[in-house]
Amino acid sequence: MDIQFVAADAALGEKSALAIVVFEGEAAGVQGGAFAKALASSRFTGAKGQTLDLLAPAGSDAARVVLVGAGKADGFDGLGAETAAASAYNAVKTSGLTTLRVQISGDAGQAAKAAFGVRLAAYRFDKYRTKEAAEKKPTITKAEIVTGDVDGAIGAFADLAALADAIAFSRDLVSEPPNVLYPAEFAKRVKQLEELGLEVEILGEAEMMQLGMGSLLGVGQGSLRESQLAILKWNGADDKKAQPIAFVGKGVTFDTGGISIKPADNMEHMKTDMGGAAAVSGLMHVLAARKAKVNAVGILGLVENMPDGNAQRPGDVVTSMSGQTIEIINTDAEGRLVLADAIWYCQQRFKPKFMVDLATLTGAIIVALGDDVGGLFSNNDELSTNLLAASKAEDEPLWRMPMPAHYDKKIDSVIADVKNTGGRAGGSITAALFIQRFVNGVPWAHLDIAGAAWKSPSPVPTIPEGATGFGVRLLNRMVADKYEG
């Protein structure tokens, strides 16, 4: 998508749609009442999310006009500009026109956010399509955002463009089919981020065996695909030796459930079980691209959970890198086994200020919070507060969940130090408590994004149906607001 910022009097091309952002209660006065008759025969009021597609009036250079509701003027902000522009794009994307101009009142920052909204809405994963009807293909290839401060908008958009690229990278990873994106291929793709200035190390099974990562390796032992651990480092702080912040991602590139096999219905969605690792990859992508003034580490545990003759069995006992033994009750509770070793490796090697892990971990969190909200579990109030503030600012909602200490007894094992499930009741809580046993007292937060990593269908204008990239923007916002110096 070609993004441009233009003055209000810039000429429109022949195949252009003009989107006019309208506040609630102000629709009647749009362009001096030129659309009064059309508005009178519609239910368009300017409420947030409404659109009204109209023929352009006589004398207009635009081929068509779309009115986009933005809600109350006094509540309009950057997120409102983003949503309105995305709605405008969705209204005309397959119209046959090639240019969308968004006419929005606001400062350079809001114009930049409008451009960001179009970028996110225009995301499309179509590399495997060989036949598609022409009328279903998007035709808008350029977006022009009207602003009174073109240079200011260009400057404000630079970091947002880097963020949009990173979200697209994360969405691409989640969208790829599992026969294409297996652990080694995932590792190869994040290795390419060295072009942005990241340092990337990849550990194979031999190296992880030497480190004692029996918990992670047990998950992948039934797969022909070798497990991997990817370490992404960004040293952007003035003091290159300063204590880093750290992010850990669950990267199960396909999850059959192993011997505790999942039902066949909807198992194809288990290609998304690496959404946490994809989000961490996207975060590291944007930190490097915008040259963030922070030292940060991303750790990705990359495995495939398959049920062959060598697969891990319920009843097995494995030894984690921490030395703790784990009784396997259910091989489909595999993500926490991956995180146990990845988190221990992270805190042992890098001694971070804090660790945040992201994982599509439990179906229980979807039962509790639905498809749009991530569950936040943490041992640290300050870190939780920072995450919640960033989630609100970026409209990637989190809800802090309880971690009652007495629930920890549910994962005590009769024959080992811990077992990997605690039963159905409070399943997302006992999963978080399991991970906490490997945190070793470091400030830590666990984000269970099982529902939020994929939307089908999607009610959000900036998120096309499919992979969301959830977590990239909220973590980038938290780093920018709280940890860069």
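These notebook entries record what I looked up on one helix, the cavities and the pockets of a predicted model.

**Entry 1: conventions.** I note that the model is predicted, that local features need pLDDT of at least 70, that side-chain atom pairs count only at pLDDT 80 or more, and that totals for chains, interfaces and linings use all residues. Residues are numbered from 1 along each chain as its sequence is written, and side-chain values use heavy atoms, with hydrogens and water left out.

**Entry 2: helix α8.** I looked up α8, which covers residues 275-289; helices (H or I, at least four residues) and strands (E, at least two) are DSSP runs, numbered from the N terminus. From first C-alpha to last, α8 reaches 21 Å, close to the 21 Å expected for its 15 residues (the expected span is 1.5 Å times one less than the number of residues). Is α8 largely enclosed or open? Because 14 of its 15 residues are buried, α8 is largely enclosed by the rest of the structure; buried means under 20% relative accessible area with a 1.4 Å probe, protein chains only. After α8 comes Lys-291, with a positive phi near 55 degrees.

**Entry 3: cavities.** I found 3 cavities of 30 Å³ or more. On a 1 Å grid over the protein atoms alone, a cavity is a set of points where a 1.4 Å probe fits but cannot get out; a pocket is an open set with protein on both sides within 12 Å along at least five of seven lines; lining residues have an atom within 4 Å of a point. The largest cavity has a volume of about 50 Å³, a volume being the space filled by probe spheres set on the points, which are joined across faces, edges and corners. Its lining includes Gly-218, Asn-305 and Glu-334. I record 4 nonpolar, 5 polar and 1 charged residues in this lining; Ala, Val, Leu, Ile, Met, Phe, Trp, Tyr, Cys and Pro count as nonpolar, Asp, Glu, Lys and Arg as charged, and the others, Gly among them, as polar.

**Entry 4: largest pocket.** The volume of the largest pocket is about 1100 Å³. Of its 37 lining residues, Thr-362, Gly-363, Ala-364, Ile-366 and Ala-450 lie nearest the centre. Which element gives the most to this lining? It is α10, with 4 residues. By class I record 11 nonpolar, 15 polar and 11 charged residues.

**Entry 5: second largest pocket.** This pocket has a volume of about 500 Å³. Its lining has 31 residues, and Thr-83, Glu-394, Asp-395, Val-460 and Thr-462 lie nearest its centre. Here α2 gives the most, with 4 residues. The lining divides into 12 nonpolar, 7 polar and 12 charged residues.

Methods
Buried means under 20% relative accessible area, exposed over 50%, partly exposed in between (1.4 Å probe, protein chains only).
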